[in-house]
Amino acid sequence: MEQQTIIMGQVTYELRRVFQGTRPLSDLMAERLAQNIPAAQSVDGGGGHGV
């Protein structure tokens with residue numbers, strides 16, 4: 001079980017996570033972060049034209 005407290009301004013969030021299985025927490029968190037990465041977007045509007 002992982003417990004974490006996050007304070008944002010006047011609000012406090014308390015998170016508790018329970019993991020099952022044999023994979024280490026670092027692997028689970030890396031996989032979760034990879035799922036939340038949005039697709040790459042071009043800063044200049046795209047088009048793929050080089051300079």
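In what order do the elements of the protein run from the N terminus on? The order is β-β-α, and the elements amount to 1 helix and 2 strands, where helices (H or I, at least four residues) and strands (E, at least two) are DSSP runs numbered from the N terminus. The structure is a predicted model, in which local features need pLDDT of at least 70 and side-chain atom pairs count only at pLDDT 80 or more, whereas totals for chains, interfaces and linings use all residues. Residues are numbered from 1 along each chain as its sequence is written, and side-chain values use heavy atoms, with hydrogens and water left out.

The average pLDDT of the protein, that is, the predictor's confidence in each residue on a scale from 0 to 100, is 78, and 71% of the residues score at least 70. By element, confidence is highest in β2, at 88, and lowest in helix α1 (residues 25-35), at a mean of 83. Where pLDDT is low, the predicted coordinates should not be read in detail.

Strand β1 (residues 2-8) pairs with β2 in the antiparallel sense over 7 bridges, pairing being assigned if DSSP finds at least two bridges between two strands. Within this arrangement, Gln3 has Arg16 of β2 as its bridge partner, and Thr5 stands opposite Glu14 in β2. The hairpin of β1 and β2 has 2 residues between the strands, and Gly9 takes a positive phi near 65 degrees there.

Glu31 is partly exposed at 38% relative accessibility, as is Arg23 at 43%.

Of the 51 residues of the protein, 2% count as buried. The protein exposes about 5,100 Å², of which carbon and sulfur atoms supply 54%, with accessible areas taken from the Shrake-Rupley method with a 1.4 Å probe and, for residues, only the protein chains shown counted as cover. Met8, Val11 and Tyr13 form a nonpolar surface patch with about 300 Å² of accessible area together; patches are made of residues with over 30% relative accessible area and no salt bridge, like charges being joined within 9 Å and nonpolar side chains (Val, Leu, Ile, Met, Phe, Trp, Tyr) within 5 Å. Tyr13, found in strand β2 (residues 11-17), counts as partly exposed at 42% relative accessibility.

Conventions: A salt bridge is a side-chain nitrogen of Lys or Arg within 4 Å of a carboxyl oxygen of Asp or Glu. Buried means under 20% relative accessible area, exposed over 50%, partly exposed in between (1.4 Å probe, protein chains only).
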